[in-house]
Amino acid sequence: MIVNVKMMKQVEKKQEVESTMSKAHILVFPYPAQGHILALLDLTHHLAMGGLTITIIITPKNLPILTPLLSTHSNKIQTLILPFPSHPNIPSGAENVREVGNTGNYPFINALSNLKPSIIQWFITHPNPPVALVSDFFLGWTHQLATQLGIPRLAFYGCGAFFSTVITRCWQNPHFIHSHGLVDFPGIPGTPSFKREHLPSVFLRYRESEPDSELVRESFISNAACWGVVFNTFRALEGPSLDHIRTQSGHPRVFAVGPLGSNRVDADASKGSQVLRWLDGFEEEGSVLYVCFGSQKLLKKEQMEALAFGLERSETRFVWVVKTPSTEELKKEGYGLVPDGFENRVSDRGLVVTGWVPQVEILGHRVVGGFLSHCGWNSVMEAMVAGVAIVGWPMEADQFLNARLLVEDRGVAVRVCEGADSLPDPDELGRVVSVVMGVDSPQKRKAKLMREEAFRAVSEGGDSCMDVDELVTALLKLGVKDGR
């Protein structure tokens, strides 16, 4: 009987702790750019599955992006919908960076910082205010917000750990970086060096003493002081960079939780049925190259022609997703279309598609073995999960750094061109594509091995799976500590 009473008390104590932990409330603040928001929403799904209550800060026009997540976790996730603040350099009605391009990042970061008073007012009147803030690394100013609210902040990087080490060094000493043509980064694993123009675009736009620029710099520097950091990456891909960040931060709260979205199925996948049916018509595994430069990037007329001729000369099967420019962009900006006659000449082995396609499902198709890509991080993660080799054409943002990681460090990619205005040689492009897509391609072999590592990381007992569990536990403990 004594034993039973003791056991009953232990069960009651466990239930009391679990009840307290279930009340842990987390505030999530994504940055409204497609390459940022989807990964953080994937992480938010894991946090909700772990038992956390979550509020997501969002502006009205971005709310539809949350629909799948809110439908899945209607009892766990709420929204704090705030009007998008005006800014002289943001067109009226624009609430997502895709509406203005990457040049809009500075005004967007500055505009969103004006939400601070509204967030504070909501926090102090909430019956169960959050015990922590998880916000995008582009929103580093939220570190000061979290400090004012008296809660810890975790910076979420929907990009690579290697990228974060480089950009952190850039912001720490912008004067040195801006004065050199070739920039070395001693102390960072691999001692990388880059042409100045290949450094992250968000840093290159910095102008000393310009108000928007200074707030952006302060915002990025603030990320170094956060309570914890979360990366959409995995140890087999970026172990040295993750170890470096943990050493530099001086605490163990460095979580690698990727590849996030590895089980995500593209909504509206039925729209890509034409492409998937076309792929089903081939037997040879890994024989098709997927060509896509993201949802925003347009190519100039000369670039379109060089790419088309290169694909033609490669004699490789391919799916080319083309973003079609408007009439104004064709006339005034010099953007191009697929050359006349090209589709007819390659109709037996090539498919040109305009508009949206289910990229995740295409990359995962058994006959797709390569990806001609700009090396944006979401595309990199999707390629790693699919186990396809990358033919890289980095153009801006973090893409040059990602290409360096993939080519020099991991051997899963080759570069075929560099720069938004660069022009590939069609013969060389065709040759590179043909070699990479060959049966004995070392890039293909290493990409398949990386796929195994990616799935191992997110499987039970894998590095990323355990980091997700540790992250959830750390956040739940904050709720217990806070007494809620």
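At what angle do helix α13 and helix α19 pack, and how far apart are their axes?

## Basis of the model

This is a predicted model, in which local features need pLDDT of at least 70, side-chain atom pairs count only at pLDDT 80 or more, and totals for chains, interfaces and linings use all residues. Residues are numbered from 1 along each chain as its sequence is written, and side-chain values use heavy atoms, with hydrogens and water left out.

## Packing of α13 and α19

Helix α13 (residues 301–314) packs against helix α19 (residues 426–436) at an angle of about 45°, and their axes are 7 Å apart. Helices (H or I, at least four residues) and strands (E, at least two) are DSSP runs, numbered from the N terminus. Axes are lines fitted to C-alpha atoms, for helices over the stretch in contact, and angles run from 0 to 180 degrees between N-to-C directions. The angle therefore makes α13 oblique to α19; angles under 35 degrees count as roughly parallel, over 145 as roughly antiparallel, 65 to 115 as roughly perpendicular and the rest as oblique. The crossing of α13 and α19 is right-handed, a term used if the near helix is turned clockwise from the far one by less than a right angle.

From α13, the contact (heavy atoms within 4.5 Å) is made by Ala306, Leu307, Phe309, Gly310, Leu311, Arg313 and Ser314. Helix α19 contributes Pro426, Asp427, Leu429, Gly430, Val433 and Ser434. By class, the contact of α13 with α19 has 7 nonpolar, 4 polar and 2 charged residues. Here Ala, Val, Leu, Ile, Met, Phe, Trp, Tyr, Cys and Pro count as nonpolar, Asp, Glu, Lys and Arg as charged, and the others, Gly among them, as polar.

## Two further helix pairs

Helix α4 (residues 105–113) and helix α10 (residues 211–222) cross at roughly 75°, their axes coming within 9 Å. That makes α4 roughly perpendicular to α10. Among the residues in contact are Tyr106, Pro107 and Ile109 of α4, together with Leu215, Val216 and Phe220 of α10. The contact of α4 with α10 has 7 nonpolar, 4 polar and 1 charged residues.

Helix α18 (residues 399–409) packs with α7 at an angle of about 130°, with the axes 9 Å apart. The two helices, α7 and α18, are therefore oblique to each other, and their crossing is right-handed. Phe162, Phe163 and Val166 of α7 meet Leu401, Asn402, Arg404 and Leu405 of α18.

## Pocket and cavity

Helix α7 (161–172) also takes part in the second largest pocket, giving the most to its lining with 5 residues. This pocket holds about 380 Å³ of space. Of its 18 lining residues, the closest to the centre are Thr168, Ala224, Ile245, Gln248 and Ser249. The lining comprises 8 nonpolar, 9 polar and 1 charged residues.

A search of the whole structure finds 1 cavity of 30 Å³ or more. The largest cavity has a volume of about 70 Å³, and the closest to its centre of 13 lining residues are Pro30, Pro32, Ile57, Ile58 and Thr59. On a 1 Å grid over the protein atoms alone, a cavity is a set of points where a 1.4 Å probe fits but cannot get out, and a pocket is an open set with protein on both sides within 12 Å along at least five of seven lines; lining residues have an atom within 4 Å of a point. Grid points are joined across faces, edges and corners, and a volume is the space filled by probe spheres set on the points.

## Backbone features

Most residues other than glycine have a negative phi, and most peptide bonds are trans. Glycine 258 and proline 259 are joined by a cis peptide bond, with omega about 0°. Cysteine 375, although not a glycine, has a positive phi of about 70°, and lies in the loop between β13 (368–373) and α17 (377–386).
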